[in-house]
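Here are my notes for your read-through. Please keep the viewer open while you go through the points.

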Amino acid sequence: MIDKTAIIEDGVFIGENCSIGPFSIIRTGSHISPNSSIGSFCDVGVHGPNSQKAELKILENAIIRSHSVIYSGSEIGRNLKTGHHVTIRENSKIGNDVQIGTLSDIQGDCSIGSFTRLHSNVHIGKHSVVGEYVWIYPYVVLTNDPHPPSETVKGVTVEDFAVIATMSVILPGIRVNMGSLVGAHSLVTKDVPFETLVAGVPARAIKNVKEIQHEDLNEPAYPWPTHFSRGYADELLKEYDRRRREVL
Amino acid sequence: MIDKTAIIEDGVFIGENCSIGPFSIIRTGSHISPNSSIGSFCDVGVHGPNSQKAELKILENAIIRSHSVIYSGSEIGRNLKTGHHVTIRENSKIGNDVQIGTLSDIQGDCSIGSFTRLHSNVHIGKHSVVGEYVWIYPYVVLTNDPHPPSETVKGVTVEDFAVIATMSVILPGIRVNMGSLVGAHSLVTKDVPFETLVAGVPARAIKNVKEIQHEDLNEPAYPWPTHFSRGYADELLKEYDRRRREVL
Amino acid sequence: MIDKTAIIEDGVFIGENCSIGPFSIIRTGSHISPNSSIGSFCDVGVHGPNSQKAELKILENAIIRSHSVIYSGSEIGRNLKTGHHVTIRENSKIGNDVQIGTLSDIQGDCSIGSFTRLHSNVHIGKHSVVGEYVWIYPYVVLTNDPHPPSETVKGVTVEDFAVIATMSVILPGIRVNMGSLVGAHSLVTKDVPFETLVAGVPARAIKNVKEIQHEDLNEPAYPWPTHFSRGYADELLKEYDRRRREVL
């Protein structure tokens, strides 16, 4: 199902059962794996001056919504879902089952682990390293320049199962450790400790995340895999505990 | 005036004197009322998995600017104006004379009352209830998950004539009461009282809005209908007073 | 190299060695100077109701990336580079060698000086005056209405060589003086003094910028032209000193 208005350049692989929407462009070097769906007005496989290679590989079952732009030189795992107006620049390494919301801007030269969810309008600066099962909410920015403008680039690291709430900024080189929670509208200037809630401008450690009570359930709200597993495998909590023990 | 490059699917109603710009797509089930104008590169009537119905109804005199995306399952009143790159997801109920600025992202399953103005890059989370004559400024986010990620969804309520200034975040389940003002760059963690200015991270009540002096006029700046009525009916201040008495 | 799907309206000038990408639209009155490149899905020369004139002039060597929208009534200098999904509204005066990042929204009736860099998702309100060699980082908003909504419009002024870090809001009518630095996630409510670091909500003066040490070099990080000149002329530091003496 390739719309007749779509432009498929030479040197493209499109697997079985893919759909390409109206007015979309698939550039030379793109490899779109089977069962993928690309909406309207997308530009996929764009060659940027900094692309390390001319190929773009997207594994099976991708859903890429309209007006999105993906550069060559990136590798994207299975089951990608994007919103609309998403940009993914060159040399991004994106795992399986990742969701990237409407208007999000992945600046390239970064990695995003499997099962991670970026909500709308998230900005991932270059050289960011985002782990697995991470949740990042709207208007969060991961920065990378400690004294702008400079030639120094220090990406942010976000470890597995961390959560960063809406409109927070993480300063360059910061590590957000496993299972932590950054409250909304925070400016994170220091590393966020393991399983700790931080919040404020600048953010300060408030409490252990296990002390946050769930409003509707008679139990702690964190670690979140205790009560939330939508879209994940059955054994999510066991996986959390396994990784937790590795860290401790 | 339907551009010859536009794609009009079967089962679409387009009223008299409408224009559809180059490369735009009008999907099955869309009802575009007379005197409406849809710019270039729009995708209108997109069928999402959560659309409650396959129809999209847009009343008279809409102006929808380029690169915007509107899902089926929404109902939109007269005189809609959008900026560019706007997204309106499924099951949104939008009143008459609403303006939605460039890059704004209406996440669906929400309502926005008549005469309300969203400036650029406003994010309306699911289950938000926004009243009439509300003004929301750039980079404001209405959130909905009290302990992300969770299954709990508690939308924000913004009452009539409230104003939320730039880059403020409203936490889940909060009520912003009638005639209040949220200062720029605030994090709103508690209900905002009637006709009250709140500001800060977290936001605190500062004063009654009537104590804010207008810089150029020798009178209070709020309630804003005392001195501002551009684009509204003549009797705006009377309408404000009428609703104010209902609340008190 | 004008793609065969592009729409070039009557009354357009396109100089030698320009490329126009697939599905882009160049509207009547656009003047695209030689060696310019316009990506896919752009709408250039859009006529807005407030355009002071029907022309759009873009000087040599522009690179305008996909899904961008530029209105008529603006004048843009040499070597413009934009990201994707950029909006430039009417009556904007933009100098030479300006970069405007992905998702940035220039609201029109404003000026942006030569050699200035706007990163992703910057919002320049109407009546802003941005100087030369200014750096503005993601999710910064220059506002203009001191008591929203009102008829009062007081644009922000940002002087030469100033830097505004991520997610900061500048309130209406504020002047950010030469060589200053606004820290990330700040709310600027007062004029920012010359060569001063301000930060916080609300922002307070922290120190002279020369007291900020560079993490990797054994010297101060500011004024930034002491150690950073990528993309600029050789004599950048001399130029800084020259303008500094004018101010003092």
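1. One cut-off first. A residue counts as buried if 20 or more other C-beta atoms lie within 10 Å of its own. Bear in mind that this is a predicted model.

2. Is C:Ser74 buried or exposed? C:Ser74 has 25 other C-beta atoms within 10 Å, so it is buried. The residue sits in a loop of chain C, between strand S10 (69–71) and strand S11 (75–76).

3. Which residues does C:Ser74 touch, leaving out those up to four places away in sequence? They are C:Leu56, C:Ile88, C:Glu90, C:Asn91, C:Ser92 and C:Ile94. C:Ala203 is elsewhere: 129 residues from C:Ser74 in sequence, and 33 Å from it in space, C-alpha to C-alpha.

4. Now the sheet. Chain C has an open sheet of ten strands with parallel pairing. The order is S1-S4-S7-S10-S13-S16-S19-S22-S25-S28. Strand S1 (7–8) and strand S28 (187–188) of chain C are at the edges. Each has a single partner strand, so one side of each lacks a neighbour in the sheet.

5. Strand S25 (residues 169–170) of chain C runs parallel to S28(C), and two bridges join them. C:Val169 has C:Leu187 as its bridge partner in S28(C).

6. Strand S29 (residues 196–199) and strand S30 (residues 204–208) of chain B are joined by four bridges. B:Thr196 is opposite B:Asn208 in S30(B). S29(B) and S30(B) make a hairpin, with four residues between them. In that turn, B:Gly200 has a positive phi of about 110 degrees.

7. How are the chains related?

8. Last, the interfaces. How many residues does the contact take from chain C and from chain A? Chain C gives 33 residues and chain A gives 26 residues. The chain C side that touches chain A holds 17 nonpolar, 13 polar and three charged residues. Between chain B and chain C, the contact takes 33 residues from chain B and 26 residues from chain C. On the chain B side, the classes are 17 nonpolar, 13 polar and three charged residues.

Definitions and conventions:
Residues numbered from 1 in each chain as written. Chains lettered and ligands numbered in written order. Predicted model: local features only at pLDDT ≥ 70, side-chain atom pairs only at ≥ 80, totals over all residues. Contact = placed C-beta atoms within 7 Å. Nonpolar A, V, L, I, M, F, W, Y, C, P; charged D, E, K, R; others polar. Pairing = 2+ DSSP bridges. Buried ≥ 20, exposed ≤ 12 C-beta atoms within 10 Å, placed from the backbone.
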